[in-house]
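Colleague: I am new to this structure and would like to understand the terms used to describe it. Could you take me through them one by one?

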Amino acid sequence: RKAATQLSTAAIEFVKRQVNLLKPYELSASQRLKTYQLMLQDDAVSTCFGARTMAVAKAQARGSFSYDINSPESLRLKEFFEYNLSELKSQSPLSIGMMASCMIRDAWSPFEMVFEGAEDDWEGYWKLKKLAYIHPLTLDQAKPYQIKSGGDSIDYLRQRPDSFIGSDGTSSFSYTGWGGVKEIPFNRVAYSSYSATSSQPIGNSLFDAAYIPWKEKQLLNDFTLIGVQKDLAGMPVLGAPSSLLSAAADNPEGPEARMVDQMKNNLANLHAGDQSYSIIPTDTHAENGNGARQFSLEFLGVTGGGKAFDVVELVEQRKRSIFNCFSCQNMISGENGGGSYNLLEGQTSLQAHAVELDNMVVDEMWNKQIFPKLLRLNNIKAKRTDIPVWKAGSVQEISTDEYGKYVNRVARLLPAVPEVINPILKRMGSDYRVPANMSPDDIREMLFVFEDASKVGSGEGSSGTGDSQSGGSQSDTNAENAS
């Protein structure tokens, strides 16, 4: 007989403990979120993080619902979901996409789903009021969430009491659990999680992979600044008589030793910039005052060679490693004079795949967590095929030229219906829309009439190269045909 219940467990708590044991202090459970914020001060990390979050936000802002156009129920649910998004309090898919993309940094982005009564045509229904972002820094760092018995799912989040303190120092906090934390039931939470698994629902941050090159880059930058400082200011060198140094060594408590110590302090202060002058004796080796002086002060530049490394190149290597961690290699391709078009195309494609995955994660939050919760709250039961699906739009739309070529090539296959014509008009930037109840014959009557026979879709001169080229417009040498 087969078991009726699950026998195994995702072991969320066990896996979390094992992973934390392997992390250094700055990436430990209590410090990693603060380390991520510190890493954002680096130009390379900030640029990569900004590029990824911007791409997600733009795609979510251009998102739309896919639904069954032949189903009245599917159309009704689409209108209900669109009503929810349009009535969000001070939020939009753009702002929610920006907050959700913080999963790239913090490994996840949790939201509390807040509902309220709907109005107008949807009175009597519950609608989404807002998605209240819960910054992971506000959760208890020692124990951000409680795992249910069995280790298979999360029970609730544990938010710190100091998160509720206002600028005036007063707090609206009220305890809801042991240990002085606010317990947020996980069934009220929607979240996007980067590279999450059933055993690690919180996922992993890309900042973890970028930590080592970032840390090395900071150290190398510090070494570079020290070298520049020494090269600009020079190394102070003080010449003193050997008799004075011998006397100071023989009697550490004598006046000669005190004089040598004072000169050492003066040199250290000069090098550090804490002192602008130094007084030294002007006695000469000759009793008549002529000849070389017994004491001399010089500032020597850094000389020498034979180093087996270039600090600047080492910094650049770490910088490239950071861009690689975020799949942003294309942003610095050819920066040092190398690279090729094919390499750039491959790197751009890799970043596009990464951004597409980011948006798929956010789309899944909408389609698997938020909208199903909204349907259950309103006791709406619908067939799976009737439930609209949210899908992010494109990060960067194709050019008008390319879009025009595409429409021209498939025009003969397109039906003359409003559902086809209106997206084309929108893409062209026209404010006019064909009425939804207009018939194909009425649409054809509205089209421009040319004196000459239409050549749409024939390729006769539409490629921009004409028929006078070698082999004609259908030739393989026609770049438009090759593409």
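Modeller: Let us begin with a sheet: 3 strands form an open sheet in the order β3-β2-β7, with antiparallel pairing. This is a predicted model, in which local features need pLDDT of at least 70 and side-chain atom pairs count only at pLDDT 80 or more, while totals for chains, interfaces and linings use all residues. Residues are numbered from 1 along each chain as its sequence is written, and side-chain values use heavy atoms, with hydrogens and water left out.

Colleague: What makes β3 and β7 edge strands?

Modeller: β3 (126-133) and β7 (189-193) each have a single partner strand, so one side of each is left without a neighbour in the sheet. Strands are DSSP runs (E, at least two residues), as helices are (H or I, at least four), and both are numbered from the N terminus.

Colleague: Why is β7 called largely enclosed?

Modeller: Buried means under 20% relative accessible area, exposed over 50% and partly exposed in between, with a 1.4 Å probe and protein chains only. In β7, 5 of the 5 residues are buried, so the rest of the structure largely encloses the strand. Both faces are covered, with Val 189, Tyr 191 and Ser 193 on one side and Ala 190 and Ser 192 on the other.

Colleague: Which strands make up the open sheet that contains β5, and in what order?

Modeller: That open sheet of 3 strands has the order β4-β5-β6, again with antiparallel pairing. Its edge strands are β4 (145-147) and β6 (182-185), each pairing on one side only. β4 and strand β5 (residues 154-159) are paired over 3 bridges; Gln 146 has Tyr 156 of β5 as its bridge partner.

Colleague: Why are α3 and α10 called roughly parallel?

Modeller: The axes of helix α3 (residues 43-61) and helix α10 (residues 311-325) cross at roughly 20° and come within 9 Å. Axes are lines fitted to C-alpha atoms, for helices over the stretch in contact, and angles run from 0 to 180 degrees between N-to-C directions. Angles under 35 degrees count as roughly parallel, over 145 as roughly antiparallel, 65 to 115 as roughly perpendicular and the rest as oblique. The two helices are therefore roughly parallel to each other.

Colleague: Which residues make the contact between α3 and α10?

Modeller: Contact means heavy atoms within 4.5 Å. Ala 44, Val 45, Thr 47 and Cys 48 of α3 meet Lys 319, Ile 322 and Phe 323 of α10.

Colleague: Is Ser 90 buried or exposed, and what of Ala 107, buried or exposed?

Modeller: Ser 90, in the loop between α4 (72-86) and α5, has 76% relative accessibility and therefore counts as exposed. Ala 107, in the loop between α6 (103-106) and β2, has 1% and therefore counts as buried. Phi is positive in Ser 90, at about 55°, and in Ala 107, near 80°. Most residues other than glycine have a negative phi.

Colleague: How do you know that Asn 422 is buried?

Modeller: Asn 422 lies in helix α13 (residues 418-428), and its relative accessibility is 16%, so it counts as buried. Not counting residues up to four places away in sequence, Asn 422 touches Arg 433 and Val 434.

Definitions and conventions. Pairing = 2+ DSSP bridges.
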